[in-house]
Amino acid sequence: REDLELLSKLKKMGVVSMSPTWNISNALGAGAYDEKSNTGLTELGRKFVGVCEEKNIIIDAVHASRKTFEDIAKISKKPFIVSHTACYSVNKHRRNLTDKQIRAVVTSGGIIGLCFIKNFLGKNSIDAAIAHLKHLVNIAGEDYVAIGSDFDGMSKEDLVKGLDDVSKMPMFFSRCKTAGIQERILEKVSFKNAFRFFKENLD
């Protein structure tokens, strides 16, 4: 339903974050896999962003096309997030964020969650995930990066081998430490950044 009044009901039900699009276009805008991705947010989509911000529902630009993302960044008055993605500079996948997009999220005050989908990372390896994490921290800064694994959204076949459920996280952070990522940064990435962000931006 193209009815923004539903946002009030969703807020009361406990919804705290929403994405205008998934991978394809809808009434709100163009998705990351849409051939018409230059269209960006529709007029209804722009209203959607405004109403969400009025109701303190955090905008997640995760599945947006480049133009839709750009529109969100331009009109948002509050921090927005990208909950599960990787870095385009490391692997040129259309769902990954460019360095410019990463900086736009940071400028808004939002956070970026690193996912463990092997196609996004470019290689089916834990080292690939670590490479993306290092790049994210380098571009965004250590206070704006989190984990957005997508454990609950993808099958194990789509996730990095050996990094396909939450039980593998201690091993992952141990490998990150071995790869030279400081423990202080890993603590922020593992929980502190996300905890701080949602504490500051939710009712």
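E142 and R184 are joined by a side-chain polar contact of 2.8 Å, where a polar contact is a pair of N or O atoms within 3.5 Å, one able to donate a hydrogen and the other to accept it, with residues adjacent in sequence counting only if both atoms are side-chain atoms. This is a predicted model, in which local features need pLDDT of at least 70 and side-chain atom pairs count only at pLDDT 80 or more, while totals for chains, interfaces and linings use all residues. Residues are numbered from 1 along each chain as its sequence is written, and side-chain values use heavy atoms, leaving out hydrogens and water.

**Around E142**
- You'll find E142 in the loop between α6 (126-140) and β5 (145-147); helices (H or I, at least four residues) and strands (E, at least two) are DSSP runs numbered from the N terminus.
- The side chain of E142 also makes a polar contact with the side chain of K188, at 2.7 Å.
- Skip the neighbours within four places in sequence, and E142 is in contact with V137, R184, I185, K188 and N193; contact means heavy atoms within 4.5 Å.

**How the helices pack**
- Two packed helices are described by the angle between their axes and the distance between the axes.
- For α6 and α7, the angle is about 65° and the axes are 10 Å apart; axes are lines fitted to C-alpha atoms, for helices over the stretch in contact, and angles run from 0 to 180 degrees between N-to-C directions.
- On the α6 side the contact is made by I126, D127, A129, I130 and L133, and on the α7 side by M171, F172, R175 and C176.
- Sorted by class, those residues are seven nonpolar, no polar and two charged; Ala, Val, Leu, Ile, Met, Phe, Trp, Tyr, Cys and Pro count as nonpolar, Asp, Glu, Lys and Arg as charged, and the others, Gly among them, as polar.
- Helix α7 (residues 169-178) also meets helix α8 (residues 183-201), with axes that come within 10 Å and cross at roughly 150°.
- Here F173, C176 and K177 of α7 touch E183, L186, V189 and S190 of α8.

**A pocket**
- The largest pocket holds about 210 Å³ of space; on a 1 Å grid over the protein atoms alone, a pocket is an open set of points with protein on both sides within 12 Å along at least five of seven lines, and lining residues have an atom within 4 Å of a point.
- Grid points are joined across faces, edges and corners, and a volume is the space filled by probe spheres set on the points.
- Its lining has 14 residues, with N23, I117, F120, D150 and M154 nearest the centre.

Definitions and conventions. On a 1 Å grid over the protein atoms alone, a cavity is a set of points where a 1.4 Å probe fits but cannot get out, and a pocket is an open set with protein on both sides within 12 Å along at least five of seven lines; lining residues have an atom within 4 Å of a point.
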